[in-house]
Amino acid sequence: MVVTEGRALKHVQVREYVRSLVAGAAPGSPAPSERELVHRFGVARMTVRQAMDALVVEGLLERIPGRGTFVARPRRAATRLASFTEEMNRRGLLPESQTLLARREQAGPGVARALSLTEGDSVIHWRRLRRADGVPMCLEDAYLNEILIPGFLQAGMPTSLYDALDSRGLRPTWAEDSITADVASEEEAELLECAPGAPVLRHSRRGLAEDKVVEVSRSVYRADRFTMWVQLGQES
């Protein structure tokens, strides 16, 4: 095979050649070696590595240290995002929620940016105290894009936010989460029934339904009552 197009496209040619070779191949089948591709295309090893890296990131190939590069096994589907109610039920605890605030507000700069809105746009702010087996577990502030959920406040606050979003075809299918360790403020400590300065976990989430940002939440968990559980990796 003779390559006649520009240098900038060589890694694309290599990538698509490898893709065509491994299409339909069984997981674990060996991919062409870098040395073979360098010889076949007459390109630098870096160009070949760039092409292979792209296919690894895409999930078509996987590298196994000390062995080589192979057709990747199917990636395990991400765990379904669970609501607080579902998570507590899974842990064998009885969930309860108390609405402290539910109103329409103008989005501040942080919330607007997270919801992909313009500062000052209308959002719904829903603050709840979440309990498990009668003990305060979490203080949660959820911000919702009102345009996507018209009439949400007028319909009465639901038991589960995710169930309410699901009924509109907007249940988050994936999320961006961050977790930090901190201490409780006086207001948080009073609501969570712990001492001011007690350790807490701050959990921020940006929930998306496909490509639509539908929820931004900021939760404060009592660190003595809650352990954050995260599933990572691929199915073996």
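The buried residues of H2 are Glu34, Leu37 and Phe41. Because these residues fall within an arc of 60 degrees when seen down the axis of H2, they line one face of the helix, the arc being that of the directions from the helix axis to the C-beta atoms. They pack against H1, H3 and S1. Helices (H or I, at least four residues) and strands (E, at least two) are DSSP runs, numbered from the N terminus. H2 is followed by Gly42, which has a positive phi near 65 degrees.

The model is predicted, and local features therefore need pLDDT of at least 70 and side-chain atom pairs pLDDT 80 or more, whereas totals for chains, interfaces and linings use all residues. Residues are numbered from 1 along each chain as its sequence is written, and side-chain values use heavy atoms, with hydrogens and water left out.

Helix H1 comprises 13 residues, 10-22, and spans 19 Å from its first C-alpha to its last, close to the expected 18 Å; the expected span is 1.5 Å times one less than the number of residues. Its buried residues are His11, Gln13, Val14, Tyr17, Val18 and Val22. They lie on the same side of H1 because they cover an arc of only 160 degrees around the axis. Among the elements that cover them are helix H2 (34-41), helix H3 (45-58), strand S1 (61-64) and strand S2 (68-71), contact being defined as heavy atoms within 4.5 Å. Just after H1, Gly24 adopts a positive phi of about 80 degrees.

The structure contains three aromatic pairs, a pair being rings of Phe, Tyr and Trp (its six-membered ring) with centres within 6.5 Å; planes under 30 degrees apart are stacked, over 60 edge-to-face, and the rest tilted. One of these pairs joins Tyr17 and Phe41 in an edge-to-face arrangement, with 5.3 Å centre to centre and 70 degrees between the planes. The pair links distant parts of the chain, Tyr17 lying in helix H1 and Phe41 in helix H2, 24 residues apart. Tyr17 is buried at 16% relative accessibility, and Phe41 is buried at 6%. The pair of Tyr221 and Phe226 is stacked, because the ring centres are 4.2 Å apart and the planes are at 20 degrees. Both Tyr221 and Phe226 are buried.

Charged side chains also sit over aromatic rings, a placement that requires NZ of Lys or CZ of Arg within 6 Å of the ring centre and within 35 degrees of the ring normal. The charged end of Arg128 is placed over the ring of Trp126, 3.7 Å from its centre. Arg67 lies over the face of Phe70, at 5.0 Å from the ring centre.

In total, 19 salt bridges are present, each defined by a side-chain nitrogen of Lys or Arg within 4 Å of a carboxyl oxygen of Asp or Glu. Arg127 and Glu187 form one of them, at 3.1 Å from N to O. This pair links distant parts of the chain, with Arg127 in strand S4 (residues 122-132) and Glu187 in helix H7 (residues 186-192), 60 residues apart. Arg127 is buried, its relative accessible area being 18%, whereas Glu187 is partly exposed at 48%. In a further salt bridge, the closest N and O atoms of Arg130 and Glu140 are 3.2 Å apart. Glu140 belongs to strand S5 (residues 135-145) and Arg130 to strand S4, 10 residues apart; both Glu140 and Arg130 are buried. The side chains of Arg205 and Asp177 meet at 2.8 Å, N to O, in a salt bridge that connects strand S7 (residues 199-209) with strand S6 (residues 174-183) across 28 residues. Arg205 is buried at 14% relative accessibility, while Asp177 is partly exposed at 38%. Arg15, Glu16 and Arg19 are linked in a network of salt bridges.

Val213 is located in strand S8 (residues 212-222) and is buried, with a relative accessible area of 8%. Apart from neighbours within four places in sequence, Val213 is in contact with Ala114, Leu115, Ser116, Asn145, Leu148, Arg206, Gly207 and Leu208. Val213 and Trp174 are 39 residues apart in sequence, and their C-alpha atoms are 9.9 Å apart in space.

How values were computed: Buried means under 20% relative accessible area, exposed over 50%, partly exposed in between (1.4 Å probe, protein chains only).
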